[in-house]
Amino acid sequence: MERTAMKKTTAVIPIVLICIVMMIVCRDVWKYSAGAESVIADKQLFRLLSAMFLHGSLIHMASNMIMLFCTAYVFMEFYSVPRFYAVYLFSGLLGGFLACLVRYALHSDVVSVGASGACMGILGADLAAVIKN
(Lines give C-alpha, C1' and ligand atoms only; values in the text may rest on other atoms or scores of the structure.)
Protein backbone atom coordinates (compact mmCIF):
# COMPACT_ATOMS: atom_id res chain seq x y z
CA MET A 1 0.00 0.00 0.00
CA GLU A 2 1.09 3.53 -0.57
CA ARG A 3 2.92 5.54 2.02
CA THR A 4 0.33 8.32 1.80
CA ALA A 5 -2.33 5.96 3.13
CA MET A 6 -0.33 5.59 6.33
CA LYS A 7 -0.07 9.37 6.67
CA LYS A 8 -3.80 9.76 6.07
CA THR A 9 -4.66 7.26 8.79
CA THR A 10 -3.81 10.04 11.21
CA ALA A 11 -7.46 11.00 10.59
CA VAL A 12 -8.24 8.35 13.21
CA ILE A 13 -6.36 10.27 15.92
CA PRO A 14 -9.14 12.83 16.62
CA ILE A 15 -11.65 10.00 17.05
CA VAL A 16 -9.32 8.23 19.49
CA LEU A 17 -8.79 11.47 21.44
CA ILE A 18 -12.54 12.15 21.64
CA CYS A 19 -13.07 8.61 22.97
CA ILE A 20 -10.37 9.08 25.61
CA VAL A 21 -11.77 12.45 26.72
CA MET A 22 -15.31 11.05 26.85
CA MET A 23 -14.11 8.15 28.98
CA ILE A 24 -12.44 10.56 31.43
CA VAL A 25 -15.25 13.14 31.53
CA CYS A 26 -18.25 10.82 31.48
CA ARG A 27 -17.54 8.62 34.46
CA ASP A 28 -21.12 7.40 34.40
CA VAL A 29 -21.00 5.98 30.87
CA TRP A 30 -24.50 4.56 30.98
CA LYS A 31 -25.97 8.02 31.67
CA TYR A 32 -25.02 9.10 28.13
CA SER A 33 -25.50 5.78 26.35
CA ALA A 34 -28.07 5.01 23.69
CA GLY A 35 -31.00 3.28 25.35
CA ALA A 36 -34.00 2.50 23.18
CA GLU A 37 -36.46 4.24 25.48
CA SER A 38 -34.43 7.45 25.76
CA VAL A 39 -33.63 7.67 22.03
CA ILE A 40 -36.95 6.62 20.52
CA ALA A 41 -39.62 7.56 23.08
CA ASP A 42 -37.93 10.58 24.65
CA LYS A 43 -36.41 11.77 21.32
CA GLN A 44 -32.95 12.28 22.84
CA LEU A 45 -31.13 11.78 19.55
CA PHE A 46 -27.87 13.24 20.91
CA ARG A 47 -27.38 9.88 22.62
CA LEU A 48 -26.75 8.24 19.23
CA LEU A 49 -23.73 10.51 18.76
CA SER A 50 -22.44 10.35 22.32
CA ALA A 51 -22.72 6.54 22.40
CA MET A 52 -20.37 6.32 19.39
CA PHE A 53 -17.57 7.81 21.45
CA LEU A 54 -18.29 6.06 24.77
CA HIS A 55 -17.00 2.60 25.60
CA GLY A 56 -17.74 0.19 28.41
CA SER A 57 -14.10 -0.47 29.27
CA LEU A 58 -10.54 0.24 28.18
CA ILE A 59 -10.39 -3.12 26.41
CA HIS A 60 -13.60 -2.30 24.52
CA MET A 61 -12.17 1.05 23.44
CA ALA A 62 -8.77 -0.39 22.52
CA SER A 63 -10.29 -3.14 20.36
CA ASN A 64 -12.53 -0.65 18.53
CA MET A 65 -9.64 1.76 17.94
CA ILE A 66 -7.33 -0.99 16.66
CA MET A 67 -10.03 -2.14 14.25
CA LEU A 68 -10.67 1.45 13.21
CA PHE A 69 -6.99 2.07 12.52
CA CYS A 70 -6.67 -1.12 10.45
CA THR A 71 -9.80 -0.44 8.40
CA ALA A 72 -8.86 3.25 7.95
CA TYR A 73 -5.56 2.19 6.42
CA VAL A 74 -7.35 0.38 3.60
CA PHE A 75 -10.04 3.09 3.36
CA MET A 76 -7.44 5.80 2.72
CA GLU A 77 -6.15 3.91 -0.30
CA PHE A 78 -9.44 4.55 -2.08
CA TYR A 79 -11.13 7.54 -0.44
CA SER A 80 -10.40 10.91 1.15
CA VAL A 81 -10.24 12.00 4.79
CA PRO A 82 -13.55 13.96 4.66
CA ARG A 83 -15.26 10.89 3.21
CA PHE A 84 -13.80 8.82 6.05
CA TYR A 85 -15.42 11.10 8.63
CA ALA A 86 -18.71 11.12 6.68
CA VAL A 87 -18.86 7.31 6.45
CA TYR A 88 -17.81 6.95 10.09
CA LEU A 89 -20.49 9.31 11.39
CA PHE A 90 -23.25 8.12 9.05
CA SER A 91 -22.70 4.41 9.71
CA GLY A 92 -22.29 4.95 13.45
CA LEU A 93 -25.49 6.99 13.72
CA LEU A 94 -27.48 4.67 11.47
CA GLY A 95 -26.20 1.53 13.21
CA GLY A 96 -27.03 2.98 16.62
CA PHE A 97 -30.48 4.07 15.48
CA LEU A 98 -31.32 0.68 13.97
CA ALA A 99 -30.11 -1.08 17.13
CA CYS A 100 -32.35 1.22 19.20
CA LEU A 101 -35.33 0.49 16.94
CA VAL A 102 -34.87 -3.26 17.37
CA ARG A 103 -34.46 -2.95 21.14
CA TYR A 104 -37.53 -0.66 21.32
CA ALA A 105 -39.61 -3.14 19.32
CA LEU A 106 -38.50 -5.97 21.62
CA HIS A 107 -39.13 -3.85 24.74
CA SER A 108 -35.52 -4.34 25.78
CA ASP A 109 -33.92 -2.03 28.31
CA VAL A 110 -30.36 -2.79 27.16
CA VAL A 111 -28.26 0.27 26.33
CA SER A 112 -25.38 0.50 23.88
CA VAL A 113 -22.03 2.21 23.71
CA GLY A 114 -19.07 1.90 21.37
CA ALA A 115 -17.94 2.56 17.85
CA SER A 116 -18.62 -0.91 16.47
CA GLY A 117 -21.32 0.28 14.05
CA ALA A 118 -19.05 3.00 12.70
CA CYS A 119 -16.14 0.56 12.38
CA MET A 120 -18.36 -1.87 10.48
CA GLY A 121 -19.37 0.96 8.13
CA ILE A 122 -15.72 1.67 7.35
CA LEU A 123 -15.11 -2.05 6.87
CA GLY A 124 -18.09 -2.24 4.50
CA ALA A 125 -16.74 0.69 2.48
CA ASP A 126 -13.36 -1.07 2.35
CA LEU A 127 -14.98 -4.24 1.07
CA ALA A 128 -16.96 -2.33 -1.57
CA ALA A 129 -13.83 -0.50 -2.77
CA VAL A 130 -11.78 -3.69 -2.97
CA ILE A 131 -14.52 -5.52 -4.91
CA LYS A 132 -15.04 -2.54 -7.24
CA ASN A 133 -11.33 -2.09 -7.96
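Let's start with what helix α7 packs against. Its buried residues pack against three helices: α4 (46-53), α5 (58-78) and α6 (81-105). Keep in mind that this is a predicted model.

Which residues of α7 are buried? They are A118, C119, G121, I122, A125, D126 and A129. These residues sit on the same side of α7, because they cover an arc of only 155° around the axis. An α-helix has 3.6 residues a turn, so residues three or four places apart point the same way.

Next, the length of α7. The helix covers residues 116-132, which is 17 residues. At 1.5 Å a residue, α7 should span 24 Å. The end C-alpha atoms are 24 Å apart, so the two values agree.

Let's step back to the whole chain. How many helices and strands are there? The chain has seven helices and two strands. Along the sequence, the pattern reads α-α-β-α-α-α-α-β-α.

Then burial and surface. The chain has 133 residues, and 37% of them count as buried.

Last, the contacts. Take the contacts between residues at least 6 apart in sequence. Of these, 83% join residues at least 24 apart. Back to α7 for one example of packing: its buried residues meet α4, α5 and α6.

Key. Residues are numbered from 1 along each chain as its sequence is written. This is a predicted model: local features need pLDDT of at least 70, side-chain atom pairs count only at pLDDT 80 or more; totals for chains, interfaces and linings use all residues. Side-chain values use heavy atoms; hydrogens and water are left out. Helices (H or I, at least four residues) and strands (E, at least two) are DSSP runs, numbered from the N terminus. Buried means under 20% relative accessible area, exposed over 50%, partly exposed in between (1.4 Å probe, protein chains only). Contact means heavy atoms within 4.5 Å. The expected span of a helix is 1.5 Å times one less than its number of residues. The arc is that of the directions from the helix axis to the C-beta atoms.
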